[in-house]
Each structure stands twice: as structure tokens, then as C-alpha cells.
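Reader: I would like to go through this model feature by feature. Please give the general idea, then the case at hand.

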Amino acid sequence: MARLETRPPAGTPGSPALKRALTTPLLYFFILGDVLGAGVYVLVGQVAADAGGAVWVPLAVALLLAMLTAASYAELATKYPRAGGASHYATRAFGPFAGFVAGFCMLAAGIVSVAALARGFGGDYLSEFVTLPVGLVAVLFLAALALVNARGIKESTRANVAATVVEVGGLLVIVALGGWLLLRGDGDVGRLGQLGTPEKGAAAAVLSGSVLAYYSFVGFETSVNVAEETRDPRRSYPRALFGALATAGAVYVLVGVAASVAVPTARLAGSSGPLLEVVEEAGGVSTRLFSAIALVAVANGALLTGIMSSRLAYGMAKDGLLPAALTKVLPGRRTPWAAIAVTTLLSMLLALTGSVATLASTLVLLLLVVFLMVNTAVLVLRRDDRGEADHFRAPTVLPVLGAASCVALATQIEAEVWLRGLLVVAVGTVLAALAAVRRGGRARGGGRE
């Protein structure tokens, strides 16, 4: 348990503060571990199908777009260095209704992400060991993750440390194999400049591919919840955030280059284990060994996101924003079993009814809603809310471009994905309205007492 400081933080007189223990390097690795995840193991092939052979281009574009919104998060996290994230910022800027919608979209995005990773787990990487129906694998996989999640946060985070080292090592292996292919004169460097597909021109292909590539960079937004525990958030948080994103982006672009050079585009696009194709083409590394690394990466990403989703559902239920039944915990383990069960069942349902690409695009759409609110909240809160003194301030053009990029990416998302996303937002809107009615009833009741 974190030791509490005796001195309250500025701006919250009389309230205790979390211990400020995170240095810039620690925060950098925290964010890097969140961003460098399983998405690229699964989605490189889908990006190739959308954009053509130059897979690295949508990855680079997605990095630049993520940096725009990251600038808004850097300003808000240093202006209000406390937990709550997008929901807190939207509440301050637009009121509790918008704050609830932002929190609900974050919750839904987590559930969708777990479903996408579950389908990825049941693809070509697993086929190196056993061939089973993807839907069956997804259900069993999610059930196993739920049990690990319910066992306890300590066990889950210990597993994450080891898995993060493994998954980053796997990406570096791909980069090294791509370099080895070039040194020995194999591969096709010409594919690095091939943008577009028979259905789309170069510009449309890049934007479409960037929607999926954007999935690989999500995770940085959760780091705002530890700004309160950072020693010098004004100095440390922006450096750690931009440094971690730049590092992850460099690794992803190099992975995209390696995949483009090593594997014909059609073959890459048709694989649910695209990086395995690079290993097979280069040789020198056991395909089973790399498949095992990829499966660890996918499982780790799903576990971390599952933990976040279940805790967010539990927290919203404690605040009266979701049904109270979600606050039930295991007597011995003190883990939120009801929230874990419900979020897992929803992920199972989505995994059985959507492809990896559709689910990834749905997640991106939900996050674009959240990111649009964050980018606009920066501008609104500059007018009459000074926040912490000497906070990081992004150049005004960055949140404006960040909001515009959210709209631009949203226009590239398919109608089927929009339908799923709008249904989620509609549910969140109805629940937000009900929560507002309950708050109003409590306020009137309090006034009569």
C-alpha cells in the first residue's frame, strides 16, 4: 500500500496525497511497457492489406497523430496531476455527463481490445502448435485470463514484467532478421515504396492503414493516472511520454520495414501471424519459438487490458454510475469478481462476432471519441481554469490538429464499425442520462433534509 504524505498537494487543501515516487526513467519505462504491446504482432498484415507494401508509412503516420493527442494529455496531466484521466478532464471542461461518456468509452474500448487480442491468440501463431477453431480458442483463452485476473493484482503484474521483456525481445528479433535479410541480399526493398491497393489510392490507403496502425500506439493515455505519483510531473511527464512514444514508434517503423522487405505483400496481408512470416522467410530462428513469444505478447496485452477494464467497471459501479452488483469482490482475494466476469463475457461475445481488424477499428473509433474530447478540453480549460502552477503547455496548434486528426481518422472507419461504435456510445449516453437523474434526485433529497 502506498504511504501517504503528510503534506497535501497544491490545490487540494486538507486532502492527503499519494507518495511521489516515480522518477522520469521509471515513468518512461511504465509508458513504454504500456505502448509496446501485442497489437503490432497481430495487425501488421491487416495494415498491409489496407495500405500496400509500405507498411512502415501508416505506422509512422499513426505515431505522428498519436503525438498530437499526447501533447494534450501532457498539458492536462501536468495541469491536473491526479488520477481520473480523460473522464476527469471531460468532467472539468464539459460537466459530469461528458465525463461519464468518456469513461464509458474507455471501458468499452478495453473490452473490445481484449476481444481482438483473444482472436489474435487463436490465429497462425497458435497453429504452430495446434489447430483449433478460433472462436473456441478465444473463449477458453478469455476464461483463463479471467481466472488469473481474479487470483490477484500482484500475481498479474508479476506475470506482466516477465512478459513485457519477452514481447519487446520478439520485436527486436524481427528488426534484426530484417537487417540480416538485407545484408545477405534477399528481400525486396522496392516494396518499401508501394502505397495503395487496387481499391484505394495512396492517400486513402495511408489513412485507412493508419486507423489500424493507431491501435498499436494506444496505451499512453492510461499513464495520466500515475501523474499524481510522479516526483516532478511538470518536467518528468512530458519527457517520459514523448520519449516512450518515440521509442515505440521507432521500433514499430523498423518492424514495418522488416516485414515489408522480407515478405510479399499479399502473403503478409493474408496472415493472422504476420511476423511469423518474417521469421520463416529469414530463417535462423525457430518458428515455434517465435510463435511462443508472440503468444506471450498477445496474452500479456489482453491480461493488462482486462485488469484495467474490470477495475474501471468496478470503480464506476462504486460511484453509482454502473449497477451496484459490479462492486462484488472475492472474500479472500479481494478482487472484483463480478466486474471481471461481466467484462470477460462481453469480450467473449465480441470475439465470437467480429474479426481482428473490425474489433481493432472499433476500439480506435471509441478512443477517437475520447481523444476528441481531450483535445477540445485543453482549449476549453485554458479560458477559466489555471490548474497547477507552471504546468506544461502545448502549442495551441497541437490540440487543434489533434482534434482534426481524430475527425480525419474517423472518416476512414467502415460503416459496420461505425454501427458497433455508435451502439456503444448510445448505451453510454443513456447510462449517463440515468446517472444524471440519480444525482439530481440525491441533490433534491439532500436539500429537503
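**Salt bridges and burial**

Author: At 11% relative accessibility, Arg191 counts as buried, because buried means under 20% relative accessible area, exposed over 50%, and partly exposed in between (1.4 Å probe, protein chains only). This is a predicted model, in which local features need pLDDT of at least 70 and side-chain atom pairs count only at pLDDT 80 or more, while totals for chains, interfaces and linings use all residues. Residues are numbered from 1 along each chain as its sequence is written, and side-chain values use heavy atoms, with hydrogens and water left out.

Reader: With which residue does Arg191 form a salt bridge?

Author: Side chains of opposite charge can pair when their charged atoms come close. The criterion is a side-chain nitrogen of Lys or Arg within 4 Å of a carboxyl oxygen of Asp or Glu. Arg191 meets it with Asp188, the closest N and O atoms being 3.6 Å apart. Asp188 is partly exposed, with a relative accessible area of 32%.

Reader: How many salt bridges does a search of the whole structure find?

Author: The search finds 6. One of them joins Arg382 and Glu75, with 2.7 Å between the closest N and O atoms. This pair links distant parts of the chain, 307 residues apart: Arg382 lies in helix α15 (residues 356-384) and Glu75 in helix α3 (residues 56-79). Helices here are DSSP runs (H or I, at least four residues), numbered from the N terminus.

Reader: Are Arg382 and Glu75 buried or exposed?

Author: Both Arg382 and Glu75 are buried. For Asp186 and Arg184, the closest N and O atoms of the salt bridge are 2.5 Å apart. Asp186 is partly exposed at 35% relative accessibility, and Arg184 is partly exposed at 33%. There is also a network of salt bridges, linking Arg267, Glu277, Glu280 and Glu281.

Reader: How does the span of helix α13 compare with the expected one?

Author: The expected span is 1.5 Å times one less than the number of residues. Helix α13 (residues 287-318) has 32 residues and reaches 46 Å from its first C-alpha to its last, close to the 46 Å expected.

Reader: What is found at the start of α13, and what follows α13?

Author: At the start of α13, a side-chain oxygen of Ser286 comes to within 3.3 Å of the backbone nitrogen of Arg288. After α13 comes Gly320, with a positive phi near 80°.

Notes. Helix = DSSP H or I, 4+ residues; strand = E, 2+ residues; numbered from the N terminus. Polar contact = N/O pair within 3.5 Å; in protein donor to acceptor, adjacent residues only side chain to side chain.
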